[in-house]
Amino acid sequence: MANAKHLLATDTLFLSDIHLGTISCHAETLLEFLDSVHCRRVVLVGDIVDLWSIKAKRRGLCEPQLQVVKKLLAMAREGIEIIYVMGNHDAGFRKVLADYPFDYGITNIKLCNQYVHETGLGKRFIVVHGDQFDNQVRCSRVLSSIGDGIYSALLLINRWWNRRRSHRGEHYFSLANAVKSRSGRALRYIHDYQQAAAEFAARKQFDGIICGHIHVAAMLEINDVSYLNTGDWQDSCTAIVEHLNGELELLEVPSWLRCQQGVAFLPPRVA
C-alpha cells in the first residue's frame with residue numbers, strides 16, 4: 001500500500017459486527033482500513049465487542065484486536081465523533097448506559113441503543129443493530145442454535161481455506177456466503193429480516209435504515225425505503241461510507257484496499 005496518511009476522505013463511516021474477541025474477526029484488515037480513512041464520524045452499528053465469546057472462552061482480545069480498540073480511541077481523541085449503537089453480543093454495555101445516563105463520558109464516544117443520521121443530501125436514517133427484528137423473523141430457538149453453530153464452524157473452515165488460497169495468490173472467497181445463497185431457509189430469513197427492518201423505518205417516517213446483525217451486506221430500496229446493511233468483519237469485511245457529497249456506498253473493503261495500492265490519495269466523489 002502507498003505510504004499515504006489517508007486514501008479515502010469521507011463524512012461518516014458505518015461499521016458493524018466486528019466481533020472483537022472471536023478468532024474469526026479480521027482485525028488486521030480492519031486496522032489497515034481505519035488507517036486508510038479520514039472521516040468526521042464513525043458509527044459502530046453493534047456487536048463490536050463480542051462479550052458472549054469473551055465470557056464463554058474466558059480470554060480477552062488478541063493484539064490486533066486490541067490495536068483496533070486503541071485506534072478507535074485515538075480517533076476519538078483526535079476529535080472524530082464515535083457513535084456506538086449497541087447490539088445483542090455487546091448488550092452488556094446497555095447496563096452502563098442505564099447506570100450512567102449521560103451521552104459522552106469517554107473521549108468523544110457516545111453509547112446509545114439507536115441513532116438518527118441525516119446525510120448531506122438531507123435523507124434521514126434510523127440506525128439500529130437489528131436484533132430487535134428477530135422476534136418477527138426468527139425460527140425456533142433450537143433451529144437458531146443449530147444455525148449459529150453451523151455458521152461458527154463455517155467461519156473456522158473459511159479462515160483455514162482462505163489462508164491456503166492467499167498462499168496460492170488467490171483472492172478471498174466467502175464459503176459462508178456461498179452456503180447462505182444456496183439455502184432456501186437462509187434466503188427466506190434474510191428476506192423477512194430486510195422487510196421487517198424497512199417496515200420499521202417506514203413506520204417511524206424515516207427515509208431509510210442502516211443496520212447489521214445478519215452478516216449480509218446490502219443496499220436495497222424496499223417500498224421506497226432505503227435498506228442498508230453494513231455486513232460484518234468475521235467474513236465479508238464490508239462497510240457503509242457516506243462520501244463528502246452525501247452519497248452512500250457499500251464498500252467491500254479487501255477489494256477496495258487492493259485497488260488502492262499505489263494510489264496516494266482518493267479524492268471525494270462529486271455528484
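Let me begin with strand 3, residues 41-45, where five of the five residues are buried, so that this strand is largely enclosed by the rest of the structure. By buried I mean under 20% relative accessible area, with exposed being over 50% and partly exposed in between, using a 1.4 Å probe and protein chains only. Strands here are DSSP runs of E with at least two residues, helices are runs of H or I with at least four, and both are numbered from the N terminus.

Before I go on, a word on the source: this is a predicted model, in which local features need pLDDT of at least 70 and side-chain atom pairs count only at pLDDT 80 or more, whereas totals for chains, interfaces and linings use all residues. Residues are numbered from 1 along each chain as its sequence is written, and side-chain values use heavy atoms, with hydrogens and water left out.

Back to strand 3, which is covered on both faces, with Arg41, Val43 and Val45 buried on one side and Val42 and Leu44 buried on the other. As for its neighbours, two strands are said to pair if DSSP finds at least two bridges between them. Strand 1 and strand 3 run parallel and are joined by four bridges, and within this region Phe14 stands opposite Val43 of strand 3. Strand 3 also runs parallel to strand 4, residues 81-85, through five bridges, and there Arg41 has Glu81 of strand 4 as its bridge partner. Helix 3 contributes Ala76, which counts as buried at 4% relative accessibility. Between Ala76 and Val42 the C-alpha to C-alpha distance is 9.1 Å, although 34 residues separate them in sequence.

Next, helix 1, which spans residues 27-34 and has Ala27, Leu30, Phe33 and Leu34 as its buried residues. Looking down the helix axis, these buried residues fall within an arc of 125°, so they line one face of helix 1; the arc is taken from the directions that lead from the helix axis to the C-beta atoms. What covers the buried residues of helix 1 includes strand 1 (8-15), strand 2 (37-38), helix 3 (63-77), strand 12 (238-243), strand 13 (248-252) and helix 9 (253-259), where contact means heavy atoms within 4.5 Å.

Which residues have rings that pair with Phe33? The structure holds five aromatic pairs. In one of them the rings of Phe33 and Trp233 have centres 6.3 Å apart and planes at 25°, so the pair is stacked. Phe33 lies in helix 1 and Trp233 in the loop between strand 11 (225-229) and strand 12, so this pair ties together parts that are 200 residues apart in sequence. Phe33 is buried, with a relative accessible area of 0%, and for Trp233 the value is also 0%. With Trp256, Phe33 has ring centres 5.7 Å apart and planes at 85°, so that pair is edge-to-face. This second pair links Phe33 in helix 1 to Trp256 in helix 9, 223 residues apart, and Trp256 is buried as well. Elsewhere, Phe133, Tyr189, Tyr193 and Phe200 form one aromatic cluster.

Turning to a sheet, there is an open one of five strands in the order 7-8-9-11-10, with mixed pairing. Strand 7 (115-118) and strand 10 (218-222) stand at its edges, each with a single partner strand, so one side of each is left without a neighbour in the sheet. The twist averages 20° from one strand to the next, with axes being lines fitted to C-alpha atoms, for helices over the stretch in contact, and angles running from 0 to 180 degrees between N-to-C directions. Strand 7 runs antiparallel to strand 8, residues 124-127, through four bridges, and the partner of Val116 in strand 8 is Ile126.

For the cysteines, the structure holds zero disulfides, counting as a disulfide any pair of cysteine sulfur atoms within 2.5 Å. Cys39 is buried, with a relative accessible area of 3%, while Cys259 counts as exposed at 59% relative accessibility.

Finally, the whole chain: the protein chain has nine helices and 13 strands, and buried residues make up 49% of its 271 residues.

Conventions
Phe/Tyr/Trp six-rings, centres within 6.5 Å; stacked < 30°, edge-to-face > 60°.
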